[in-house]
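Here are my notes on the model you sent.

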Amino acid sequence: MNLKRKFVLHLDALLVIGFLFICSLGFNFVQLQQVKSLSQSHSRLESKVLVHELNLSSQKAYIEQLKKKYQAEDSISQIKDE
């Protein structure tokens with residue numbers, strides 16, 4: 001007995017497989033573009049956060065400097081008033 005199995009690939013199945021493959025490539029391309037866009041947005045936001053943190057720390061240091069200055073002036077004026 002000769003039991004040879006014959007593999008048949010129908011044209012409609014081949015078209016569906018090709019269509020699904022092309023759709024998956026397109027979907028991967030769209031996702032890649034979204035990832036690039038989100039990565040750039042994330043980088044810009046991180047740099048803005050860094051700039052704002054530096055500005056905030058600078059402003060806090062300046063406020064502390066002014067507090068010390070005015071406290072020193074107040075103590076000098078209190079000594080003169082006495």
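1. Charge layout. The protein carries 11 positive and 8 negative charges. Their mean positions lie 25 Å apart. Please keep in mind that this is a predicted model.

2. Salt bridge. The structure has one salt bridge. Its partners are the side chains of glutamate 64 and lysine 67, at 3.7 Å from N to O. That falls within the 4 Å cut-off, so the pair counts as a salt bridge. Both residues sit in helix α1. They are three residues apart, about one turn of the helix.

3. Exposure of the pair. The class runs between 20% and 50%, which is why both residues fall into it.

4. Fold. The secondary structure is quickly listed: one helix and zero strands. Helix α1 covers residues 11-81.

5. Overall dimensions. What radius of gyration would a compact globule of 82 residues have? It would be near 12 Å, but this protein has 36 Å. The C-alpha trace spans about 125 × 25 × 10 Å along the principal axes.

6. A distance along the helix. Valine 51 is found in helix α1. Its C-alpha atom is separated from that of alanine 72 by 32 Å. Valine 51 has a relative accessible area of 45%, so it is partly exposed.

7. Burial and surface. How much of the protein is buried? Buried residues make up 0% of the 82 residues. The cut-off for burial is under 20% relative accessible area. The accessible surface comes to about 8,300 Å². Carbon and sulfur atoms account for 64% of that surface.

8. Nonpolar patch. One nonpolar surface patch covers about 700 Å². It is made by Phe7, Leu9, Leu11, Leu14, Leu15 and Ile17. Phenylalanine 7 is placed in the segment before α1. Its relative accessibility is 74%, so it counts as exposed. The threshold for that class is over 50%.

9. In brief. The picture is one helix and zero strands, with 0% of residues buried and one salt bridge. The nonpolar patch that includes Phe7 takes up about 700 Å².

Technical notes: Residues are numbered from 1 along each chain as its sequence is written. This is a predicted model: local features need pLDDT of at least 70, side-chain atom pairs count only at pLDDT 80 or more; totals for chains, interfaces and linings use all residues. Side-chain values use heavy atoms; hydrogens and water are left out. Helices (H or I, at least four residues) and strands (E, at least two) are DSSP runs, numbered from the N terminus. The radius of gyration is taken over C-alpha atoms; the globule rule is 2.2 Å times the number of residues to the power 0.38. Buried means under 20% relative accessible area, exposed over 50%, partly exposed in between (1.4 Å probe, protein chains only). Accessible areas come from the Shrake-Rupley method with a 1.4 Å probe; for residues, only the protein chains shown count as cover. Lys and Arg count as positive and Asp and Glu as negative; His and the chain ends are not counted. The place of a charge is taken as NZ of Lys, CZ of Arg, CG of Asp or CD of Glu. Patches are made of residues with over 30% relative accessible area and no salt bridge: like charges are joined within 9 Å, nonpolar side chains (Val, Leu, Ile, Met, Phe, Trp, Tyr) within 5 Å.
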